[in-house]
Amino acid sequence: MPVPLRPLTRTDGYLPIEDHGLIGDGVTCALVARDGAIPWLCLPTFDGEPFVAGLLDAERGGTFAVTPAGLREAAQRYLPGTGVLVTELRTADGVLELTDCLPLRSGADLAEPVPAGRGEILRTARVVEGTVEVDVRLAPKDGVRVRSELGAWRIRWPARDELDLLLWCSHPLTLPGDGSIAGRVRLSQGERLTVTLQWSGQTHTRIRSEPQRLVDQTVAAWRDWSDRLTYDGPQADLVRRSAITLKLLDHVPTGAVMAAATSSLPEGIGGERNWDYRYTWVRDAAFTGYALRRIGMDEEAHAFLAWTLRNVERRGGVDIMYALDGEPPPTEWLDASLSGYRGSSPVRWGNGAARQVQNDVYGELVDVAYQWVRGGATISEALWVSLQKLTEQAIAHWGTPDNGIWEIRDAGRPFTYSVAMCHVAVDRALRIARLQGLPHPRERWQAEAERIRTTLLDQAWDPARGTFTEHLTPPGTGHHGGLDGSLLSLPLRRLIAADDPRMVATTEAVRRHLDAGDGLLYRYLHTESPDGLQGTEGAFLLCSFWLVDNLAGQGRLDEAHALYDSLCGRANQVGLLAEEIDPSTGAFLGNFPQAFSHVGVITSGWNLARAEERA
């Protein structure tokens, strides 16, 4: 089906976030803009140094562009079942078709825990109509040393001097003197151009004569993998695309799944709510593992859960999030050299939330282990020792204030979600012990689980408003907290049934109070739930998918389907979703593409299909 071409509109010199597609090879990824430029590439891995970061500074961030002169309109699409992206670019005199991928090795199996990529970006362009003048330009973010070598350009990058980068183009390029490598080529119908950036340290001469073969073997590898997906629910095409997107965020050698591909895309234009999401949250592991198993991505779920649990066992404790090396992310720092997307500063690298107190992490980790066991794995003696420690920590800390699921940078509170996840820690530990016959203090844990659950249902409930609230409020100690979108996840974590009258009332209260319009929800309102930050943010997509799950669990299937279809309709031209939506414009906000949003697409679709079967 043809994809409609649209004019390109820039604001403050930037294309909208939604005007980008994602390519990757299981080790790193890049964003391709609808104008043919690549404004985002980190090397050599997802969480590596940014080689080009024009997404965060259009003037100084750098780019890797293959763009027609006089571009008027463009469209993007993926080749079906793949991570290979095609951009169609129209000028007054012709049409250029640009195909982008990080090529995969011949015979690569994306489900195997070995690098499938070749360490390069391949860009092939073909004029399909008329005549087009094509500008090719590589301008790295930082200064580089360049020399001509056998018809290519050898690049030394001071930020990662050990990387041996090579740029090759089928047509002549020069050094204009502005730090870039560039050239302009005039092509007529049927003529082609190939350009590749390699960082593997090997010179692949075959690409010079057989670029299409590399594209074809990459397409074949992707389709071999995506043909294994199983799903028979609503929005099947978008669910399939969401699965491929999660795979594009999957670090194949370890099994880690990135929370997002980017850093510092703002939750509010011009604001400070800009975070580095190129890491793996334990919280995401539990939700993502659940979603992956629902659609047949068993190997990925297994690898993700195993990697998370190995980190726990190796480090002898719990961390909120991990970098790809299994260690906490680096200390957060501000990059004054970049102005931020549309002037939204600061640009941040690393993540300060890694050192926060987030009591939900105990339950997230033990739930990961429970899913691991449910998938047929066995808990080792050493891992069981660690899980018992986590369970005891949940019992000891469940009532203490923390920074919560939304990682507030303000005084902590005993957040309802965190308390609920401490209950999950004890409940799942009991289930694991029962399934595998492991030694544990069964009666004490059962009593503690019931105490946590009873206290939560009592102290998080505001009888005056008839709803659960964001944090526990012991009798006589003050006013209840505000409403929080994470309350909608309580049925998903089996703390309370979706159709329990208290949860039905809470669903309606959250839907009404946090309404951002057209089915969108805010996570919370900053006026009643202080988070220590200035400015505002958009509507958080995952909360709306949780609302779909609650409506389905309450048997309100028509409402659930309508909302689900509306949310899926917000995906961009190639089926990608960001973290948040600007309610006033529908524009994407926050890091992109966001794994959590695509987990919502998959899980809510699966839950809707199962609810239909039960109806």
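A polar contact here is a pair of N or O atoms within 3.5 Å, where, within protein, one atom must be able to donate a hydrogen and the other to accept it. Keep that cut-off in mind at the opening stop of this tour, and remember throughout that the model is predicted.

**Stop 1**

The backbone oxygen of R348 lies 2.5 Å from a polar atom of the S263 side chain, and the side chains of S263 and S264 are joined by a polar contact of 3.0 Å. Leaving aside neighbours within four places in sequence, the residues in contact with S263 include W40, L56, W275, D276, Y277, R278, W349 and N591, as well as R348. S263 is buried, because its relative accessible area is 0%.

Now move to S264, which sits in the loop between β18 (256-257) and β19 (280-281). S264 has a phi near 70°, a positive value in a residue other than glycine, and at 0% relative accessibility this residue counts as buried. Most residues other than glycine have a negative phi.

**Stop 2**

E407 is buried, with a relative accessible area of 13%.

Next, show the backbone from L43 to P44, where the peptide bond is cis, with omega near -5°; P44 lies in the loop between β5 (40-43) and β6. A cis peptide bond also joins F592 and P593, with omega about -20°, and P593 is found in the loop between β29 (588-589) and α12 (595-614).

**Stop 3: A53**

Select A53, in the loop between β6 (49-52) and β7 (63-68). A53 counts as buried because its relative accessibility is 0%. Not counting residues up to four places away in sequence, A53 touches P39, W40, G61, G62, K141 and L338. If you draw a distance from A53 to L292, 239 residues apart along the chain, the C-alpha atoms are separated by 30 Å.

**Stop 4: the nonpolar cores**

Colour L167, L197, I379 and I432, which are the residues with the most contacts inside the largest nonpolar core, a set of 188 residues. Helix α7 (residues 416-436) gives the most to this core, with 12 residues. Apart from this core lies another, of 12 residues, among them A260, W275, Y277 and W281. Returning to I379, and leaving aside its neighbours within four places in sequence, you will find it in contact with A369, W372, V373, W384, L387, I432, Q436 and L438.

**Stop 5: helix α8**

Select residues 442-459, helix α8, whose 18 residues should span 26 Å at 1.5 Å a residue; its end C-alpha atoms are 26 Å apart, which agrees. The buried residues of α8 are W445, E448, A449, I452, T455, L456, L457 and Q459, and what covers them includes α6, α7, β23 (461-462), β24 (467-468) and α9 (501-513).

**Stop 6: a sheet of three strands**

Show β27, β28 and β29, which form an open sheet in that order with antiparallel pairing. The edge strands are β27 (539-540) and β29, each of which pairs on one side only. Between β27 and β28 (residues 580-581) the antiparallel pairing runs over two bridges, and A539 stands opposite I581 in β28.

**Stop 7: aromatic pairs**

Select W222 and W225, which both lie in helix α1 (residues 211-226), three residues apart, about one turn of the helix. W222 is buried, with a relative accessible area of 2%, and W225 is buried, with a relative accessible area of 2%.

Finally, select F287 and F596, whose ring centres are 5.6 Å apart with planes at 80°, so the pair is edge-to-face. Because F287 lies in helix α3 (residues 282-294) and F596 in helix α12, the pair ties together parts that are 309 residues apart in sequence. F287 counts as buried at 10% relative accessibility, and F596 is buried with a relative accessible area of 7%.

Terms used: Residues are numbered from 1 along each chain as its sequence is written. Side-chain values use heavy atoms; hydrogens and water are left out. Helices (H or I, at least four residues) and strands (E, at least two) are DSSP runs, numbered from the N terminus. Buried means under 20% relative accessible area, exposed over 50%, partly exposed in between (1.4 Å probe, protein chains only). Contact means heavy atoms within 4.5 Å. A nonpolar core is a set of buried Ala, Val, Leu, Ile, Met, Phe, Trp, Tyr and Cys residues joined through side-chain atoms within 4.5 Å. Two strands pair if DSSP finds at least two bridges between them. The expected span of a helix is 1.5 Å times one less than its number of residues. Rings of Phe, Tyr and Trp (its six-membered ring) pair if their centres lie within 6.5 Å; planes under 30 degrees apart count as stacked, over 60 as edge-to-face and the rest as tilted.
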